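Please work through the following exercises with the sequence and the model at hand. Each task is followed by a solution in steps.

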Amino acid sequence: MTSTHRAGARFSGIDDVQKRLATTGYLSDEAIATVVHLADRLNKPLLVEGPAGVGKTELAKAISRTLDYELIRLQCYEGVDETKALYEWNYKKQLLRIQADQGSSWDVLSEDIFSEPFLLERPVLKAIRSKQPCVLLIDEIDKLDFEAEALLLEVLSDWQVTIPEMGTLVAQELPFVVLTSNNERELSEALKRRCLYLYLDYPSTEREKQIVLQRVPGITETLAEQVVRVVKSIRDLELKKAPSIAETLDWASTLLHLSITTLDEEAIRRTMPVLLKFQTDLEKAREHLKIKGS
Ligand SMILES: Nc1ncnc2c1ncn2[C@@H]1O[C@H](COP(=O)(O)OP(=O)(O)O)[C@@H](O)[C@H]1O
Ligand SMILES: [Mg+2]
């Protein structure tokens with residue numbers, strides 16, 4: 001069965017991964033590039049876990065962009081089941097077909113209504129059947145319940161989907177699979193075993209500064225440096241919701257829009273709500289930065 005699967009060698013090595021992700025605007029580091037390289041070579045799904053806003057989803061998008069593969073995305077939430085992840089029959093169309101039929105036997109009719117034209121493909125089946133290689137992003141898998149997770153596990157281990165009325169559909173081209181998790185619940189060991197694991201944490205100050213310079217055009221290096229330093233010191237506090245890269249970028253853009261060129265006390269006080277979204281967090285940060293409340 002695996003004979004139809006091509007060997008992965010879409011990147012020539014770790015450096016190549018890092019360079020090519022950077023051309024899409026995604027700044028990685030050696031740890032990230034190494035796991036992506038291995039996922040490519042070993043044809044294994046990549047499970048990326050970490051706090052919200054550190055670039056998990058963006059990594060999958062960057063991989064699809066640099067490989068020029070279609071990105072097929074399953075956004076997980078409670079209530080995602082087979083019919084949302086794999087496939088569903090188009091009941092309305094089936095009903096119309098049955099109503100329009102005058103004299104066919106049930107055997108003929110059922111063969112007809114359980115065939116391709118009546119099939120609604122959902123993301124995972126779409127990725128499995130895609131003739132072109134693609135990136136399959138299963139985003140926020142920790143939001144799925146256990147049963148739905150098990151369903152995906154089956155697909156990821158066999159690269160096939162069985163539709164009782166149609167038979168087993170085997171992937172011709174293995175998708176590059178990226179799963180992300182915000183760690184809201186523990187994933188099953190079986191799932192983890194199938195995947196290569198990457199824990200994506202907040203970036204180093206240097207990398208975050210580079211990300212800011214890349215994503216907020218027009219910002220000066222000095223201000224970018226100040227921004228990431230303040231963010232880093234705030235992250236070390238015990239907060240309800242520590243600011244992520246997403247918030248750092250929002251903050252940097254805000255400062256730029258307000259034509260603030262240096263981070264003094266007044267500037268921080270005015271703009272802090274972009275960075276922190278809980279009153280208690282704001283108070284802690286103000287105290288830490290020795291800023292008087294407004
Ligand atoms: N390494 C990176 N290089 C460039 N931009 C990044 C990087 N990591 C995160 N970002 C930016 O930060 C924001 C949040 O990233 P996202 O992938 O949505 O986070 P997550 O999926 O982990 O919650 C996005 O705007 C993304 O462009
Ligand atoms: Mg995400």
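This is a predicted model: local features need pLDDT of at least 70, side-chain atom pairs count only at pLDDT 80 or more; totals for chains, interfaces and linings use all residues.

**Exercise 1.** State into which domains the protein is divided, and how far apart the C-alpha centres of domain 1 and domain 2 lie.

*Solution.* Step 1: the division gives domain 1 (2–86 + 122–199), domain 2 (92–116) and domain 3 (205–286). Step 2: between the C-alpha centres of domain 1 and domain 2 the separation is 36 Å.

**Exercise 2.** Describe the residues around ligand 1 and identify where they come from.

*Solution.* Step 2: two or more residues of the shell are given by each of helix H3 (56–67), helix H10 (205–215) and helix H12 (245–257). Step 3: domain 1 and domain 3 each supply at least three residues to the shell around ligand 1. Step 4: sorted by class, this shell holds eight nonpolar, six polar and three charged residues.

**Exercise 3.** Determine how helix H1 and helix H2 pack, and which residues make the contact.

*Solution.* Step 1: H1 (residues 14–23) and H2 (residues 30–42) pack at an angle of about 110°, and their axes are 8 Å apart. Step 2: angles of 65 to 115 degrees count as roughly perpendicular, so H1 is roughly perpendicular to H2. Step 3: the crossing of H1 and H2 is right-handed. Step 4: H1 contributes Ile14, Val17 and Gln18 to the contact, while H2 contributes Glu30, Ala33, Thr34, Val36 and His37. Step 5: the residues of this contact comprise four nonpolar, three polar and one charged.

Technical notes
Residues are numbered from 1 along each chain as its sequence is written. Chains are lettered from A and ligands numbered from 1 in the order in which they are written. Domain bounds come from an automatic or database domain assignment. A residue is near a molecule or strand if its C-beta atom, placed from the backbone, lies within 6 Å of it. Helices (H or I, at least four residues) and strands (E, at least two) are DSSP runs, numbered from the N terminus. Ala, Val, Leu, Ile, Met, Phe, Trp, Tyr, Cys and Pro count as nonpolar, Asp, Glu, Lys and Arg as charged, and the others, Gly among them, as polar. Axes are lines fitted to C-alpha atoms, for helices over the stretch in contact, and angles run from 0 to 180 degrees between N-to-C directions. Angles under 35 degrees count as roughly parallel, over 145 as roughly antiparallel, 65 to 115 as roughly perpendicular and the rest as oblique. A crossing is left-handed if the near helix is turned anticlockwise from the far one by less than a right angle, and right-handed if clockwise. Two residues are in contact if their C-beta atoms, placed from the backbone, lie within 7 Å.
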